[in-house]
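Please look over the chain displayed below before reading the report.

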Amino acid sequence: MPRSIWSGAISFGLVTVPIHVVGATEDHSIRFHRYHLADQGRIRTRKVCELEDREVGSDEIGKGYELATSQIVPITDEDLRELPLPTARAIEIVAFVPLASVDPIRIGDGYYLQPDGQVAAKPYKLLRQALARSSKVAVARYAWSGRERLGLLRVRGEAIVLHAMRWPDEIRDPSSLTPPPVEVSEEEIEGALALMDTMTRDDLEGDEFRDTYTEAVAELIEAKREHRRPETVPEPEERPGQVLDLMAALQQSVSKAKESRGEDDHAEGDHAEVRELPGRKKKAPAGKTPGARGAAKKPAGEKPTGGRATGGKATSKKAAPRKETSKSTAGKKTAAKEPAGKKTAAKEPAGKKATTRRPRSA
């Protein structure tokens, strides 16, 4: 069990609960020392008095407030303990509020509150059960480390947890960090919601929530200790510097999320595709540059009249812009003899010459 870092009491109304405060979290980060590269000697930070130019011990060091460069007001630990504050000895609950009303940015480190002896067992359990049944949290004031703080008390299992809270003036205004005004379409919001639904889960258990950085550093240290090369990690997938199509990026994200969870993207994911969302219609074909197929379809819709089909002039204009030889002239005359109601010649691609197919009679 971690050691107690503070002793006092929880106070709400006339009820007092003696408690010990112990750490609720642990830091498993790997720590490094500074050392001299030439001989691997440790580099330490020493406390040196600037006036005497010598190292001093902890028993010679005190606190003080600097009014000016040459004027220090000394403050002792006894001075801080004797401050006329009701929160110096107790965690004083001042209100009960819904947890949703507390901005998470104000919530800090967590501590377990342990009841101090048998006398504290009943009021401790009373407060814990009242908090659990009300679905509310308690906001309290307390004084630690030379300053008064706000705290949030909540239930976790059979214990009461105290979270340090920041004062309102300690939260910076984010208005200067907001992006410039942009328009977000309803289709893009629906695409983001589809991605959120795909990534929703019931708990925070799994490999996605493992500290892989600390594991990689531990493996690096072990590899260097054994004089071997550490395991190589595959290069991360390159991502474009700029998202050109937000909806396409959302669609790809939904597909990848489903693949990682072993779901069939075709079974229920068609609604998240860009082409299926309302308002994302393709451009009209009239805006496209007409190609060979469009040129071929245009004559097919025209019905040649008897007065304009003389001599095959329409065929010679599209099929042979340059001067024809005697062979091509013969082909023209043959083409002119085709019945006017027949559409075979009109369906020929515009890029081919009309003389490529000769009637057998020629």
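## Basis

This is a predicted model, in which local features need pLDDT of at least 70 and side-chain atom pairs count only at pLDDT 80 or more, while totals for chains, interfaces and linings use all residues. Residues are numbered from 1 along each chain as its sequence is written, and side-chain values use heavy atoms, with hydrogens and water left out.

## Whole chain

The protein chain has nine helices and eleven strands (DSSP runs numbered from the N terminus: helices are H or I with at least four residues, strands E with at least two). Of its 362 residues, 20% are buried (under 20% relative accessible area; exposed is over 50%, partly exposed in between, with a 1.4 Å probe and protein chains only).

Among contacts (heavy atoms within 4.5 Å) with a separation of 6 or more, 59% join residues 24 or more positions apart.

## Helix H3

Helix H3 spans residues 186-199, 14 residues in total. From first to last C-alpha the helix reaches 20 Å, close to the expected 20 Å (1.5 Å times one less than the number of residues).

The buried residues of H3 are Glu-187, Glu-188, Gly-191, Ala-194, Leu-195 and Thr-198. They lie on the same side of H3 because their arc around the axis is only 115° (taken from the directions from the helix axis to the C-beta atoms). Helix H5 (246-260) is part of what covers them. Met-196 and Asp-197, both exposed, sit on the face turned away from the buried side.

## Gly-117

Gly-117 lies in the loop between strand S8 (107-115) and helix H2 (121-134). Gly-117 counts as partly exposed because its relative accessibility is 45%. His-20 is 97 residues from Gly-117 in sequence, and their C-alpha atoms are 9.8 Å apart.
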